[in-house]
Amino acid sequence: MKVSEFTCPFAHARQSKGLGFMDDQNDPVTMLLRLKDVRKTAHNWKTFQSGAVPGRIVIPSEVKIRDTRQIPFELDPPAHGDFRALLDPWFKRPLEDEYQHKLDNIIDNVIDKSTSLASLDIVTEFALILQSQALTLLLNTPFEESKTWISWGTHVFRSDGEALDANKANILYDYLDKEIDRAAENPTDDLYSVLLASEVNGKQLSKEEVKGILILTFAGGRDTVINAITNSIAYLADHPEALEQLKQNPDMINNAVEEFIRYFSPLTQMGRVVTTDTEVCEHAQKADTRVSLCWASANRDEKTFERADEIVLDRKINPHVGFGFSHHNCLGATHARQILRTLLLKLSQQVSAIEVIDYKENIEELGEFNRKVGFDNLRVVLHRA
Ligand code: EMZ
């Protein structure tokens, strides 16, 4: 089996029942596995709520390690829409020339350093660094801050061998408290300062709300972006012809990025809390229990995607839900897309071949399913073109 092959563990359950079941810290989850059901449920925020106790819609649940509500993803309409209206313009800045230019530089430098090494681990020596450095653009903070973030490792709430790590989470919370106080005293043009000076519905944002937005910005785009980068590189290592194809046809790159997001689905699922006794896929679901929208399974739904288990680099019709769906679609998607598009362009121009030396898969255990979501490490040689 190829390094970059990610078989879909949900196929049989999706086709036969449309549902999967997993326990999570005694708060079980009914997983919705079909694209149609995932979409329908994502729309229905009245019955399938995001604004539950902070941390509960995340799987594994973060209820035990977090009190701060992450905004906007743990809110429902209309408050959700009010915050999105404030945040959307800021999170669209990656489309601006100046931002793109800085991102080009970051990626050029990361590739330059990497090709000068005899070999490197893509997870910790490439993807983590690139994600952290690019995040300084999204926050509009000094580049130097990325050094601190790199030292935190790939996930801000989890550490090796521990699903949830309160001590680790506290490092992020303390850091954000300090940054928010700093911005309150000496405002700059960074995201902290801009948010502290903003209003929603005529009310100035509180420090707690600003912290909720920042936790999401740090945590939501961390392991997801790192996995997307690493898995895409694994694919290009397995498929040198794809690297050549992208080099010859850079017009394919946007389609290729969407296809990687569909196939790898860096975020497996997101939960909802059921507000009233209801039914999902002919299964009775009680009030105050959890369901999940399983993006990873929906993205392999054979009813919508032809050759769903293959990467078709130039797939034209690709209604994937890798960035979520409906009003909760990913706020950081513009930033993530720009990173991946730029990365594919630069790799295709500057790298002639990628050789995998060693790797360890990162497998999520989800009740009856085991899902490969990325790598703990992926040691490669990047050959300069
Ligand atoms: C939460 C989540 C957001 C959660 C869109 O996803 O990402 C997870 O990685 C975090 O652990 O807290 O931010």
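Two strands pair if DSSP finds at least two bridges between them. Helices (H or I, at least four residues) and strands (E, at least two) are DSSP runs, numbered from the N terminus. The model is predicted: local features need pLDDT of at least 70, side-chain atom pairs count only at pLDDT 80 or more, and totals for chains, interfaces and linings use all residues. Residues are numbered from 1 along each chain as its sequence is written.

**Stop one: the sheet**

Select residues 369–384, strand β12, together with β11. The two pair in the antiparallel sense over 14 bridges. Pick Lys 360: Asn 377 in β12 stands opposite. Now pick Val 356, which faces Val 380 in β12.

What links β11 and β12? They form a hairpin with two residues between them. Click Gly 367 in the turn; its phi is positive, about 60°.

Zoom out. The open sheet has three strands in the order β4-β12-β11, with antiparallel pairing. Its edge strands are β4 (120–121) and β11 (351–366), and each pairs on one side only.

**Stop two: a helix across the strands**

Axes are lines fitted to C-alpha atoms, for helices over the stretch in contact, and angles run from 0 to 180 degrees between N-to-C directions. Contact means that the C-beta atoms of two residues, placed from the backbone, lie within 7 Å.

**Stop three: two crossing helices**

Select α11 (residues 240–248) and α14 (residues 333–350). They pack at an angle of about 105°, with axes 8 Å apart. That makes α11 roughly perpendicular to α14 (the term covers 65 to 115 degrees). Show side chains: Leu 243, Leu 246 and Lys 247 in α11 meet Leu 344, Leu 347, Ser 348 and Gln 349 in α14.

**Stop four: a two-sided helix**

Go to residues 166–185, helix α7. Which residues of α7 are buried? Colour Ala 169, Leu 172, Leu 176, Glu 179 and Ala 183. A buried residue has 20 or more other C-beta atoms within 10 Å of its own, an exposed one 12 or fewer, with C-beta atoms placed from the backbone. The buried residues of α7 pack against α8 (191–196) and α9 (207–220). Turn to the face away from the buried side: the exposed residues there include Asn 167, Asp 174 and Lys 178.

Note on methods: The expected span of a helix is 1.5 Å times one less than its number of residues. Angles under 35 degrees count as roughly parallel, over 145 as roughly antiparallel, 65 to 115 as roughly perpendicular and the rest as oblique.
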